[in-house]
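Work through the exercises below with the structure in view. Try each task before reading its solution.

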Number of protein chains: 2
Amino acid sequence: MIVLPREIDGYGPLKLPTGRLRPARRPSKLLADLDAALDACEIRDGATVSFHHHLRNGDGVLNLVLDRLAARGLKGLHVAATSIFPVHASLVGHIRSGTVTRLSANFISGPVGEAVSHGLLPHPVILRTHGGRARALDQGELRVDVAFVAAPAADDMGNISGRIGPTACGTLGYPLTDVEVAQHVVAVTDTLVPFPAPSIDIPQGKVDYVVAVSSIGNPGGIASGTTRPASDSVSTGIGNTAAAAIAASGVLVDGFSFQTGAGGVSLATADAVGQIMAERGVTGSFAAGGITGFHVRMLRDGLFRGLMDVQCFDLEAVESYKSDPRHQMMSAATYAGPHMGGAVVDRVDTVVLGAAEFDLSFNVNVTTKAGGIIIGGSGGHADTAAGASLTVVTTRLTASGYAKIVPEVGTLTTPGSTVDLVVTEEGIAVNPLRPELAERLRAAGLNVTGIETLFDKAQGLAKVPTPPRSQGRVVAVSEYRDGSVTDVVRKIGAG
Amino acid sequence: MIVLPREIDGYGPLKLPTGRLRPARRPSKLLADLDAALDACEIRDGATVSFHHHLRNGDGVLNLVLDRLAARGLKGLHVAATSIFPVHASLVGHIRSGTVTRLSANFISGPVGEAVSHGLLPHPVILRTHGGRARALDQGELRVDVAFVAAPAADDMGNISGRIGPTACGTLGYPLTDVEVAQHVVAVTDTLVPFPAPSIDIPQGKVDYVVAVSSIGNPGGIASGTTRPASDSVSTGIGNTAAAAIAASGVLVDGFSFQTGAGGVSLATADAVGQIMAERGVTGSFAAGGITGFHVRMLRDGLFRGLMDVQCFDLEAVESYKSDPRHQMMSAATYAGPHMGGAVVDRVDTVVLGAAEFDLSFNVNVTTKAGGIIIGGSGGHADTAAGASLTVVTTRLTASGYAKIVPEVGTLTTPGSTVDLVVTEEGIAVNPLRPELAERLRAAGLNVTGIETLFDKAQGLAKVPTPPRSQGRVVAVSEYRDGSVTDVVRKIGAG
């Protein structure tokens, strides 16, 4: 019979083993259904529930969860999504009914953006950057009661894979940050696999409950139409000019790191940049961001050593992530957080971004369209602009009859001090903060002009005047990476 | 000029962007040398510094760091290591000098174990299980000021890979848990790779500083001699009997999950189990634990769907982790934590473990040898015994002239209530808590006897009497998974 002392100098009192040392039954985190998970998480009125947008416009999980929360009669919920798409139209009804009274997201398109712009929510929406949201989560500014992870596959202990199942979406960079801090994490999957799941992207230790549903969404919705290079002559012209500017800037040397948005002109630029790299025999270090099949082909062609991927933008990228270890996942925080002692965006040499509006101070609006309706938000726009050594914005001079170069952007998403040049079909303007860059571009024979000249041309081409800013109440606050506010969005229409 | 309100209803006061929005220079976490990292971490007297043992008896990082800390004149440090090996002999000097006054580890072998047993430390060592240490970290019981990660490769932003470099060690399951909670994390590498590192095992967001040194250790030390099946007739006999018992117990069906220690008899048992699986056409789900080349071959032979690996025990396992996605890493917490809502050990059907001593109550000692000198500790022993549905201990009746089956273990590492059967060269004893198991084994014609019979035989064969427990002061406390105390180790010799 082992007799132990009650207390030991330098250790303290001893706790003795008591009770059953082996679990009464084999553990499992699988619950009967979504309602059982909502019960387990003890979601109450006013709770904050988070969602991610890896399934993009094919996501079924946000709708599924909110329908159940509404059916339970919950009120005053805060939906903290990474992005909202047209597929989330039913959220409008949940806002109308008072089930949801607060919304924060990094990007909002479709009916929810319109409803918010018309003042449907009682509280202002918080629009964050991808990095800013990660920071807000990590610093406790955004407290999540329950994070719902749309899981392409999961086992009953909560190991989640983005790489298998009918709705495989590839990397899971956004929920990777949520699951670190949420009070409860629920994996919602339509593909329950035997333990342990293969190709685990989020490990079981980060997940509290697992729920199986018939479908988490429509895989066809992952690939949006924006992930191919534009092929019209204006777009390819802008792309070629932008690529020539990038080349002239001096960044195209071995080790070059690159990010583009997923817009057609950005990808046309990437296409042209890739050709120059191949011609010059330049091997880049990495391409980052949301990754498309286009980036995958650049990797395979040897233009980059690796891909750092927060989100796969199309199914070709998903397939690459599944099969090519050079294609790596990064969390939203690692991607873009301003609080990380350095994020991946801070190591990007050149980023190519789009614009809904661009102004004389080089500020960019990707949040609202002319007239003030919310059509997007920063996502990674402001993060990458701040991080990259060379930030290139490409834009046509007009769209839908409106000038895209305006005296002052309708919403300031990305501050002009973080933008180096804008490339249009009528030439390039270089930020006056970068005179040496303008010199290089001119020396390369590029058509460098003043932003005022591009502004005049855009105004001359415009068929519809830019509506003035609304003076209504604030319906959304556009937060910068650090939580400061770059602008507000005001209510459209009466009231 | 955009004019923003000072405050917004439902949002609060607005913080406005100020200062430079782009970093003045490209971030890097690479410091000049180890001393710069020690400065940056502001290590003071009494600090807790943590280390992991993936390089096993080839580890150079613990010694390197402690030498520098000693050179700085620091006193009263707490070394919180996962395991201590003979290669860490210089720690004895640092204890003697007062640089280190506290030690906690899950396993201690070699000169440090001897020194501790002789009372060199002023405070009792805390011996934890692998799962118990993860729990203590996660629950704030073990607070780490600086976690030093021996990084086979790292980039200057702190992305760590265990898969490349001359000292590639494979998975990094132990530091994965430390980096979640340590105040500061320092990656110490001898292979600085361009950003971003390929095959990232610990992402940059978990790492604060990177230091390059000429060598982090000797790769030859990773593969210890214990990772091959024993081939002598007594060992293979025990292995065959244990395998027959496992088969008779009924667990060998499709989906079978399995763990073995890395001892020769455990691996001989695995060998025999594998043969039965192959004969019966059984496909297991996974093998877990520290993984050896032997387990890798079982995976390749189709006996398991996957491997869950907290630590590669040999270079063949390292190679497999590098190249085979079915071979996955798990953190120490996920592996064995009792606080995780279910760890991997809780999903293991059968574990085969060794014993330094085994007693009439089925308790196991893997902490001290006869006479009370510390030669090990639980590691995952107590965790897997508690988690597995069938816990098999294999042991010879005697070693070095001492009986291995004793009236009462010299140190209680793993409680008998979590052990189902013991297999020796003279037969099997089944825990009286499992009468149905004894029935099954008898029905299969196996030599099931009583633990008293095995005890008598062991005592009859012994040439040296088991020394009585020391009555000296407590030099180590053996904590169970939950932080309760199963036993203490007392000082050997005078004083």
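**Exercise 1.** Find how many residues of domain 1 of chain A are in contact with domain 2 of chain A.

*Solution.* Contact means heavy atoms within 4.5 Å. By that rule, 34 residues of domain 1 of chain A touch 32 residues of domain 2 of chain A. The bounds are 30-221 for domain 1 and 225-469 for domain 2; they come from an automatic or database domain assignment. The model is predicted: local features need pLDDT of at least 70, side-chain atom pairs count only at pLDDT 80 or more, and totals for chains, interfaces and linings use all residues. Residues are numbered from 1 along each chain as its sequence is written, chains are lettered from A and ligands numbered from 1 in the order written, and side-chain values use heavy atoms, without hydrogens and water.

**Exercise 2.** State what area is buried between domain 1 of chain A and domain 2 of chain A.

*Solution.* Buried area is the accessible area (1.4 Å probe) that two parts lose on being put together, summed over both. Here it is about 2600 Å². Carbon and sulfur atoms give 63% of it. On the domain 1 side, A:Arg56, A:Arg163 and A:Thr171 supply 21% of the area buried against domain 2 of chain A, more than any other three residues.
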